[in-house]
Amino acid sequence: MITLQNVKKSFGPNHVLRGVDLDIAKGESMVIIGGSGTGKSVALKCVLGLITPDSGKITVNGADATKGDRDAFLAQFGMLFQGGALFDSLSVWQNVAFRLMRGKGKLSKSDARDLAIEKLRRVGLKADVADRFPAELSGGMQKRVGLARAIAAEPEIIFFDEPTTGLDPIMSGVINELIREIVVEMGATAMTITHDMSSVRAIADKVAMIHEGVVQWTGPVADMDTSGDPYLDQFINARAEGPIEAVR
Amino acid sequence: MQALTFIDNTLASIGRSALGLCASVGRIIMFAALTIAHLFRPPFYFREFAQQLLTIGYFSLPVVGLTALFTGGALALQIYSGGARFNAEAVVPSVVAIAMVRELGPVLGGLMVAGRVSSSIAAELGTMRVTEQIDALTTLSTNPMKYLVVPRVLAATLAMPVLAFIGDVIGIMGGFLVGTQRLDFNASTYINNTVDFLEVGDVTSGLVKAAAFGFIVALMGCYHGYNSGRGAQGVGKATTNAVVSASVLILAANYILTEVFFTS
């Protein structure tokens, strides 16, 4: 469904992606792990077209991601951003219903609001949150609103960028469970970026580890602990010693 | 040898700065062209446009009005004392009117709006860039140029002439108040002299200038905010750059437009 072939991207002298190859099947939940600055977010943004790769090919449902109708392409996606990326100037329900009130097949204001409240309920928020502004919400609530916005238009593919960053362990667990439930329920294809191992184990069907701009290891989450890959072992066991150089 | 290295380094530094400036100018021109192209292509966001018209236009009225009022008053005093040197005190009403309408209304109004609006647009868009809200817009199938940039640029371009016109009237009133209360001008003579010497071309040239300044103010705010660097420092730098570049460009554009209007 989503294929990256030899994708490369540099920022000046910094070669972030050095030839990423990745396949994500339809309905699969792929989690990409790796240290900070290894190119996970860049790979995700390349798929969405937010960053243009220097070379390589990205296809979504067999179609080249860089060609064709951009609106139709993006309509397939929902995305939960690391910091929520909620629009400060809009109320919670307007954030959730943002896509529903624009473009082809846009809903009336009242229908969009009803649907937004339904999605807010789905992520565990009450209807009274709808008229508040993002700045009035806690970090966990903002993530939930971001999640509600990502699933509002029922996309085929959902991206999660560091979904548990900045949350306490209990809230992280709640968000992980929600993501898993929603992905299974919608039958969506999911691509998650994280370095939180509890998220990996809760969300993933498959795992890919990016190190130094290439996919170091990929396989089912069940094989992760017995992979024998020294890079993956060091990462998932949080060891300071190993082939990955840790700056002290 | 050391002298040669010094000259070499100095020339290289000048060259780098010149190339950097050319690249920045090129990027701004591309951004402006893209903005203008999006102006004429749907979808159009009327709600955002109306909101910006209110924020940029209506809420700038106090600052533009006060600037014009004090400028008109000071101008009347200056022209009176300057004119007294060659017995030309009577020109105060006409010169205040012409100076306000042609030059000071649009230019000072533009500079004040640059300080208020460019900075706020750059800070808002810069924060949206840093917090990934602009990326979020894209993923929600909404073009950020159309949704964020076009309404602001269009609103500023249309609001600025109205602001300048109001500023002109208030500035002339400032001159009138000082003229009649401090300089013993007869009120009806003052008004007659103002109206008689003012031509339609004076007013329209000022309004066209104001529209150009409005375009510059919003464009600079949007450009620097949209391309803001990371973190609080990036947003701060974008805000400063927006105000400085908008102010300099207003003064440069003012000279060019004055050449076009009044030397032919």
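**Legends to close-up views of a predicted model**

**View 1. Domain division of chain A.** In this predicted model, chain A is divided into domain 1, made up of residues 1-76 + 157-173 + 189-248, and domain 2, made up of residues 84-155. The C-alpha centres of domain 1 of chain A and domain 2 of chain A are separated by 27 Å. Eight residues from domain 1 of chain A and seven residues from domain 2 of chain A form the contact. On the side of domain 1 of chain A that touches domain 2 of chain A, five residues are nonpolar, two are polar and one is charged.

**View 2. Overall build of chain A.** Eight helices and ten strands are present in chain A. The radius of gyration of chain A is 18 Å, close to the 18 Å given by the globule rule for 248 residues, so chain A is as compact as a globular protein of that length. The C-alpha trace of chain A spans about 55 × 45 × 35 Å along its principal axes. Among the 248 residues of chain A, 44% count as buried.

**View 3. Contact between chain A and chain B.** On one side of this contact are ten residues of chain B, and on the other are 15 residues of chain A. The side of chain B that touches chain A comprises two nonpolar, six polar and two charged residues.

**View 4. Packing of helices H4 and H6 in chain B.** Helix H4 of chain B covers residues 92-130, and helix H6 of chain B covers residues 144-181. These two helices pack at an angle of about 145°, and their axes lie 7 Å apart. The crossing of H4(B) and H6(B) is right-handed. The contact of H4(B) with H6(B) contains 18 nonpolar residues, together with seven polar and two charged ones.

**View 5. Surroundings of B:Asn254.** B:Asn254 is located in helix H9 of chain B, which runs over residues 231-262. Because B:Asn254 has 18 C-beta neighbours inside 10 Å, this residue counts as partly exposed; a buried residue would need 20 or more. When residues up to four places away in sequence are not counted, B:Asn254 touches B:Val107 and B:Lys209. B:Gly206 lies 48 residues from B:Asn254 in sequence, with a C-alpha to C-alpha distance of 9.7 Å between the two.

Note on methods: Residues numbered from 1 in each chain as written. Chains lettered and ligands numbered in written order. Predicted model: local features only at pLDDT ≥ 70, side-chain atom pairs only at ≥ 80, totals over all residues. Axes fitted to C-alpha atoms, helices over the stretch in contact; angles between N-to-C directions. Helix = DSSP H or I, 4+ residues; strand = E, 2+ residues; numbered from the N terminus. Left-handed = near helix turned anticlockwise from the far one by under 90°. Nonpolar A, V, L, I, M, F, W, Y, C, P; charged D, E, K, R; others polar. Rg over C-alpha atoms; globule rule 2.2 N^0.38 Å. Buried ≥ 20, exposed ≤ 12 C-beta atoms within 10 Å, placed from the backbone. Domains from an automatic or database assignment. Contact = placed C-beta atoms within 7 Å.
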